[in-house]
Amino acid sequence: QSSEEARLQAQQEEAARLEKERIEQEQMEKLEAKDQERRESELAELHSLEQKFLAAQQWKTDYRAHAKWEHYLSCDGSPDPTVLQEINAFMSLWCEDQNEDIQLVMEKGEQVLNLIQKLQFLLLDTPPNEITEKETVQYQESILELQNLLHQKYNGATEHMLKAANMHEDSDTGNMQAVIKDKNVTFCIWANLKKKVRFKNHMFCDTQHGFDLPKSLAVSSVAVRILHTHYDHVSPLWLHCQSVPRFEVLDSKELTQHSKGSVEEPEEEEKKAREEPDMPAEEETCSDGRKSAISVKGNSNSIADINETGEETEKKSEILDIPSQVQDPLMQKETNEKEEAITDENIVDLQQFVPVGGVYHIDVLQLPPQVKQIKDWSMVEVLDGGLEAYPYPPEEAEDATCPPVRITLRLSDNVMYFEDPVIARWDPAGQQWRTDGISNITYETQEGSITFEMGAFYTIALFQDAHLNMPYQAWELRPTGMDEALLTVTAVFATIQIQIKGNRCMLSSVAVEEKDVLSHVTGKWISPLDLRAVLKKAGVNIFPGEYSHKYVSVNKKAPLAEVRAYQQMALVASAFAFAWSKWNLEAGQEQVVFKVSEHLKADSVRGKDWSLYMFNGQKAQKLKITETSEAFSEELEEGSEFHSTLYHMLKDFASKEAIDKVETASFLFIDVVYQLLLATRVLTYS
């Protein structure tokens, strides 16, 4: 009897479960159908909002032209670095100028650094369709020529100073020592006039840089120069001209396939493709380890697998002409990457480590003939060669017999070393940074100094892991006023706050262990590109590069979902706050999950005001779960529906005031928010 009852009960329960599933399924299908019905009109509305991105691009194009014209009208005597004749004339005039006074050279040096910076900015800021290959090469060559000329001039100024070394004798030791610095460079120069072994070491008081020479040098006619440039003109140029990884435009054919059956109107698609100046060219690794283009093959393993329904066949014929151009470059890239893998562990991998704190040129030089005062005349023997290095270790000596040189460098206060830096020397023959030839390294964290020995005189830089602040622990973007917002990135060692206002942004604080640091770069309104450069230079990198995914365990997302999320977040950022959700990790590659709250006041968002949303680039939904739920579930919030865009999804729950704010938001503000989200990649690097 009881087993019969149990069987009946089980049957009833099973029937009830199936009925519940059927009803849910039906509801889902209704919602899906409703979403499909209004898809076209929603995309058209989004399209009109997205015109703001085009307006921003146009504004920037006009602004560049205007800046060129302003420069032309200003007639301030400084050359336009983009005009070859002007920049060449400027360089040859300075080449011929015989004045080698160190202060004058440093002043002129500042002008040269500004010209280099302008060219680097143009290379990063100009969209590919506005700059020709020829111009790119010309700008790069001009940068290299300016860098070389500047270094030559520094050498000339050093020689000029050393010729009169005997005029600047130090009363204690009888040797000459000098420290000359401005915000870009520091010269520490010591001349061995007395050649006494007991003065073989010296500490420059102003800078706390010092050296300890082997005996053989202490009794020779030599000078030592530690030239610290607060910039890096030694590393290959690409290191400083890396743009935010270009996100390639997905054209309608690829998108059609990506959406696995939900087909957008082709013209709608083409419009969208044009609007997305930056879609990610991220490779996805197939199961067999090859990399495939982002979604040429969608989720099927080969194009032939697509079901041959009428509609699909038509689609398939369109898709067949894509793979060649999309896959080849990536396949090629993959093979190149393999060849470039660095095998020698002494070579610094510049995709993984970056120089922080500038470059230290450490040289031992021949002391040039000294100026003699004869009555009212100053006489000096002039040598043809210019500044000459003193050979150490001497060519005839066996390495073993030459003791090393000891160097102490006081680290710059303007940069952050979150871990002990890696010391490397420049190898001019191989054009690379190497860690061999440097030994007995001690790092004094309290004093902020580093001491080491080297077998010869080298150009030195201190390197830091480019990704030590990734993946981030959290992030938040919230509006703080009309066309104003605050982006907070909580990284591994630091919390970075960036204010956004109109077309500018400002580093408002960098906090390490709750203490504010880097006060010299905070509080200035600059462009997103400059902000990136300033933070990287200071050793705080929250900007993933093209190869960062090789060094950071990223939360991989389909480019379509990631980039569209950034675009639509930017479009509504004037009225909605967004933040990190732990469920983004669990949602799979095809979709992103984040917290959202309508936010019209300037204060911070209260915990209970957040809701969770999920988006895959083509479909948005509000989730029932909260941040503190037990497990991840895609179940919809009660009474909510699907929408084709994040904007329409938010609109369902938004006040009229919020939507008005979104519609009137300035296109420049939206563009800056988008640039910063794209540069920090918060959805994949958190």
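Helices (H or I, at least four residues) and strands (E, at least two) are DSSP runs, numbered from the N terminus. This is a predicted model: local features need pLDDT of at least 70, side-chain atom pairs count only at pLDDT 80 or more, and totals for chains, interfaces and linings use all residues. Residues are numbered from 1 along each chain as its sequence is written, and side-chain values use heavy atoms, with hydrogens and water left out.

**Stop 1: α10**

Select helix α10, residues 528–537. Pro528, Leu529, Leu531, Arg532 and Leu535 are its buried residues (buried: under 20% relative accessible area, 1.4 Å probe, protein chains only). Look down the axis of α10: these residues fall within an arc of 160°, so they line one face of the helix. The arc is taken from the directions from the helix axis to the C-beta atoms. Now show the cover, which includes α3 (102–125), β19 (495–501), β20 (504–512), β22 (525–526) and α14 (667–680). Glycine 539 follows α10, with a positive phi near 90°.

**Stop 2: β17 and its partners**

Select β17 (474–481) and β18 (484–490): they run antiparallel, joined by seven bridges. Strands pair if DSSP finds at least two bridges between them. Tryptophan 475 has valine 489 of β18 as its bridge partner. The two strands form a hairpin with two residues between them. In the turn, aspartate 483 has a positive phi of about 55°.

Notes:
Buried means under 20% relative accessible area, exposed over 50%, partly exposed in between (1.4 Å probe, protein chains only). Contact means heavy atoms within 4.5 Å.
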